[in-house]
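Here are my notes for your first read-through. Keep the model open beside them and check each point as you go.

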Amino acid sequence: MEVVVTNTNMIADWCDTLRPVPRENYPPKMDNSAEDLERMCYEKAKRMYGDPLPEKVKARLERELGSIIGNGYDVMYMIAQKLVAKSLQDGYLVGSRGSVGSSLVAFMSDITEVNSLAPHYLCPKCHYVEWHENEGFGCGADMPHKTCPKCGEPLNQEGFSIPFETFLGFNGDKVPDIYLNFSGEYQPTIHWYTGELFGHDHVFRAGTIGTVAEKTAYGYVKKYMAEREMEVGRAEENRLVKGCTGIRRNTGQHPGGIVVVPKEVDIYDFCPVQHPADDPNSEIITTHFEYHSIDENLLKLDELGHDDPTIIKHMENMTGVVAQNIPLGDPDTMSLFTSNKALKYVTDEPDPILGDIGCIAVPEFGTKFVRGMVKETKPTTFDELFCISGLSHGTDVWLGNAQDLVHDGIPLKECICCRDDIMNYLIGKGVDPKLSFQTMESVRKGKGLKPEMEEAMKKQDVPDWYIDSCKKIKYMFPKAHAVAYVIMAYRIAWFKVHKPLAFYSAYFSIRAKAFDASCMVLGDTVCLDKIHELQAKERDKTISAVEKDMMTTLEVVHEFYHRGFVFEPMDIYKSEAKHFVITEKGLIPPFSSMPGVGEQAAQAIVEERKNGPFLSQEEIVVRCSRVSKSVVETLASIGALSEMPTSTQVSLF
Ligand SMILES: [Zn+2]
């Protein structure tokens with residue numbers, strides 16, 4: 001009694017009750033951030049639209065800046081602006097994720113490429129502006145080409161028509177999240193740069209805590225019982241499982257989350273720090289507390305890694321084309337969503353694997369699921385592409401919902417695809433704007449419709465199918481996210497049509513998982529055999545995750561052959577470590593595309609061959625550290641060493 005109850009209570013009484021973390025929010029400060037943001041926005045706006053600004057541009061900027069600066073969010077904008085500017089300066093595009101593209105201020109400060117204004121023509125020379133709101137165009141890029149009536153220049157087609165409310169809420173006071181997609185290979189640089197901005201001892205990776213899952217806990221309990229030959233009832237077993245579930249198991253870090261501590265305070269005012277996963281040699285330092293427990297105190301930046309910017313950078317390097325200058329109105333690129341003619345296959349015969357559309361390996365549209373949607377909906381406009389992107393990322397938005405509506409003849413554009421659609425549509429129907437916003441929020445969170453919402457919709461003659469559709473939705477994408485992703489995807493698709501070898505090189509080098517040179521470079525017949533073998537496994541449900549990845553890659557390889565391209569032999573002097581080299585007729589695979597050849601070994605060969613040719617296979621092993629005999633044998637088996645003798649001595653005689 002004394003040990004267990006009395007003394008423990010006594011010790012507890014000695015201690016004061018205290019909170020482990022403060023209650024207040026400590027956002028980082030930046031000198032003149034409000035003034036800088038405002039100045040930057042008006043500078044770009046005037047550069048684009050002329051001075052004085054058109055009324056619509058001015059009004060939206062004023063309204064947004066009012067709520068952004070009024071709520072103190074200008075610092076977040078300026079941080080994002082600096083990060084994006086640094087990445088662009090180093091040659092890597094940045095994709096915006098989430099709803100930040102709904103903000104015109106984000107566009108004018110270069111945080112996003114998405115211009116959220118209504119569709120309009122804009123003359124790059126004399127600033128002539130012509131608005132086309134509520135005329136059925138979902139975005140400027142879908143309007144017909146036109147020349148400036150004032151000066152004869154071809155007009156730019158701007159505007160993606162996204163309301164600001166999706167980002168900052170109806171009163172402009174919702175705490176914004178700015179998520180940015182940096183190139184995966186550039187991500188370490190941008191994380192380091194964040195440290196440069198705020199001090200390396202004030203910037204930490206957001207820590208995560210892995211806990212024991214119910215299944216694992218169940219395993220623990222079972223094993224414990226078995227080892228002790230104990231038998232307990234079901235209820236006791238469940239009680240023990242419950243007790244173990246959720247216990248801390250290991251630590252890690254958020255893939256892109258960076259926690260920023262302002263200058264005036266110290267990380268230890270909030271939490272201890274550590275190396276993740278108990279690894280004292282790790283260079284990464286994370287917050288000790290799981291970042292959610294301090295996210296009301298400290299700003300977390302989301303600097304994620306993504307393949308699209310890396311792929312674009314590599315295609316730019318290989319071709320000299322600047323991706324940002326690619327026009328959104330290229331008919332051949334758009335045709336990939338209804339036909340594969342633009343890819344100029346070597347035969348006109350229908351191919352069961354490739355089908356009759358051309359968007360294999362195009363991000364957002366390349367998976368079987370989305371290709372199915374594309375086939376059913378036959379999109380010919382950007383607006384429809386945004387719809388498909390929105391539909392494919394939502395939950396209970398397409399299957400059992402919009403899919404049936406499209407079957408019944410409702411045009412894709414009228415279906416609910418992104419959360420913004422709801423607010424825009426209801427306001428257009430005459431529903432009170434605030435209630436329209438609340439309806440959008442309720443539906444996108446999967447909460448369905450409140451009676452007053454449904455009543456207001458019925459009063460304004462909103463059709464029953466629309467109301468039903470709202471009730472089924474569990475989660476929805478913001479349009480700004482769909483637009484940002486589709487713009488990137490479209491550029492990549494442009495390369496697929498016009499610079500195919502750069503496209504396939506980037507795809508195989510960066511995106512493709514499970515590229516296996518031991519079969520894929522041996523011609524279309526070998527490839528098809530492999531595809532059929534894996535298809536059989538898919539039918540028997542014995543296909544592994546790696547084989548599924550391989551299947552996706554094989555489809556792209558099959559298309560590559562179908563366009564008349566070839567893989568040239570791997571070559572000890574011409575192949576690169578990781579990237580596919582472009583030749584006149586095709587690609588030379590890199591060393592690391594052979595299973596069993598690691599990236600470090602591949603890199604070692606590339607480095608060492610600069611010091612002169614290899615006389616024998618033995619010499620490769622001797623001269624290149626990290627290259628084993630088996631690596632050399634693997635390379636010889638695929639013909640990468642041509643006639644090179646096994647041993648140098650033999651060649652002397
Ligand atoms: Zn003009």
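1. Start with how helix axes are handled. Axes are lines fitted to C-alpha atoms, for helices over the stretch in contact, and angles run from 0 to 180 degrees between N-to-C directions. Helices (H or I, at least four residues) and strands (E, at least two) are DSSP runs, numbered from the N terminus. Now look at helix 8 (residues 214–227) and helix 9 (residues 234–244): their axes come within 8 Å and cross at roughly 125 degrees.

2. A word on the source. This is a predicted model, where local features need pLDDT of at least 70, side-chain atom pairs count only at pLDDT 80 or more, and totals for chains, interfaces and linings use all residues. Residues are numbered from 1 along each chain as its sequence is written, and side-chain values use heavy atoms, with hydrogens and water left out.

3. How are helix 8 and helix 9 oriented to each other? They are oblique. The scale is this: under 35 degrees is roughly parallel, over 145 roughly antiparallel, 65 to 115 roughly perpendicular, and the rest oblique.

4. Compare helix 2 (residues 33–49) and helix 3 (residues 55–70). Their axes lie 11 Å apart, at an angle of about 165 degrees. Helix 2 and helix 3 are therefore roughly antiparallel. Their crossing is right-handed.

5. Next, the zinc ion. Its protein donors (N, O and S atoms within 2.8 Å of the metal, or 3.2 Å for Na, K and Ca; water is not among the atoms, so sites may look incomplete) are the SG atoms of C123, C126, C148 and C151, 2.2 to 2.3 Å from the ion. The site is tetrahedral, with angles of 103 to 116 degrees among its 4 donor atoms.

6. Along the sequence, the donor residues follow the spacing C-x2-C-x21-C-x2-C. C123 sits in the loop between strand 2 (120–122) and strand 3 (129–131), and C148 in the loop between strand 3 and strand 4 (156–158), 25 residues apart.

7. Buried or exposed? Buried means under 20% relative accessible area, exposed over 50%, partly exposed in between (1.4 Å probe, protein chains only). C123 and C148 are buried. C126 is partly exposed at 32%. E384, in helix 13 (residues 382–393), is buried at 12%.

8. How many disulfides (cysteine sulfur pairs within 2.5 Å) does the structure hold? It holds 0.

Technical notes: A disulfide is a pair of cysteine sulfur atoms within 2.5 Å. Four donors count as tetrahedral if all angles lie between 85 and 135 degrees; four count as square planar and six as octahedral if opposite donors are over 155 degrees apart and all others between 65 and 115; anything else is irregular. A crossing is left-handed if the near helix is turned anticlockwise from the far one by less than a right angle, and right-handed if clockwise.
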